[in-house]
Amino acid sequence: MAIAFDPFPQFQDFAHPEKFVSASWLSARLGVDGLRVVESDEDAFLYDIGHIPGAVRIDWHRDLNDPVQRDFIDGEAFATLMDARGISRDDTVVVYGDRNNWWAAYTAWVFELFGHPDVRLLDGGRDAWMGEERDTSFAVPEYPAQGYPVVERDDSTWRSFVEHVRSRPEDTLLIDVRGPEYFAGAEVEVAPDSNCASPVLRHGHIPGAVNHPWGDSVHPNGRVKDRESIAAAYTDVPAGAPVITYCSAGQSAAHTWYILRHVLGVENVSLYDGSWYEWGNMVRMPIERDAE
């Protein structure tokens, strides 16, 4: 049975207030039957130096990606992962992580692809929890398998591929959520977990894209702004028209997808998870840049 929603006043103005929880709400419910907390970080080692008590770790790179082809795991592998983490199809899953919930939002988005009925995001992520000096644990919990069913992933609703981006209808709003320096092509992309040279051969943005940095929707501490402020930052989002978000590798664009979908209630929004790492490396793919 799904757990009652967080009544935090700010969330009630959101299109889908049930998709967010506050640190105080979560702290009061740790250990409740039917609740499973998931930490999903860019820096996977953070979990080892302290995490929310009872939380399990899902590594977006290692656990959610197919080991052979550039794609996500299939329904059978997802069910196996859920069983390994003791998550049932009926559980309320709260996801949180570092970097203002970038990778946590990406993980929550994958849960959405598999149609998990109740997945929520901890507002402010790991920093919110740690900043309030709430309890942490080093213990790695072990939960029994719950017999998670094999559900095939739905890529048709929330996901866009490169061919969709290239042939998108004219009324589609393509949003690049990277910083303006990356959008302009003045800054070189570097892999999130690497000090090596840029993994992308060309720099700029997809022709026709508009720039809305992901940070437009959050405060400096990573907590989500009120709906009115977010709506003011996205006044160019057309009512009812398709919207596609992208970034470097999909992580911050997943955060923007989550905000557009669940705060503003944009119904037809998808994530181009191939993002600039794919587009900027493809042969004969057009780009635009503002910097020379």
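## Salt bridges across the domain boundary

A salt bridge is taken here as a side-chain nitrogen of Lys or Arg within 4 Å of a carboxyl oxygen of Asp or Glu. In this predicted model, two such salt bridges are counted between domain 1 and domain 2.

On the side of domain 1 that touches domain 2, the elements giving two or more residues are α4 (102–113) and β5 (119–122), and α4 provides the largest share, seven residues. Sorted by class, this side of domain 1 holds 13 nonpolar, five polar and eight charged residues.

## Domain layout and record

The domain assignment divides the protein chain into domain 1, covering 9–132, and domain 2, covering 162–280. UniProt, in an unreviewed entry, places the feature "domain: Rhodanese" at residues 31–138 and 168–288.

## Extent of the interface

Taken over C-alpha atoms, the centres of domain 1 and domain 2 are separated by 21 Å. Contact between the two domains involves 26 residues of domain 1 and 26 residues of domain 2. The area buried between domain 1 and domain 2 is about 2,300 Å², and carbon and sulfur atoms give 61% of that area. Of the area that domain 1 buries against domain 2, N100, W102 and W109 supply 26%, which is more than any other three residues.

## Salt bridges in the model as a whole

By the rule stated at the outset, the model has a count of 17 salt bridges. Among them is the pair formed by the side chains of E39 and R126, at 2.7 Å from N to O. This pair links distant parts of the chain, since E39 belongs to strand β2 (residues 35–39) whereas R126 belongs to helix α5 (residues 125–131), and the two residues are 87 residues apart. In general, side chains of opposite charge can pair when their charged atoms come close.

Technical notes:
Residues are numbered from 1 along each chain as its sequence is written. This is a predicted model: local features need pLDDT of at least 70, side-chain atom pairs count only at pLDDT 80 or more; totals for chains, interfaces and linings use all residues. Side-chain values use heavy atoms; hydrogens and water are left out. Domain bounds come from an automatic or database domain assignment. Contact means heavy atoms within 4.5 Å. Buried area is the accessible area (1.4 Å probe) that two parts lose on being put together, summed over both. Helices (H or I, at least four residues) and strands (E, at least two) are DSSP runs, numbered from the N terminus. Ala, Val, Leu, Ile, Met, Phe, Trp, Tyr, Cys and Pro count as nonpolar, Asp, Glu, Lys and Arg as charged, and the others, Gly among them, as polar. UniProt positions are given in the numbering used here, feature names are shortened, and annotations may be inferred rather than shown by experiment.
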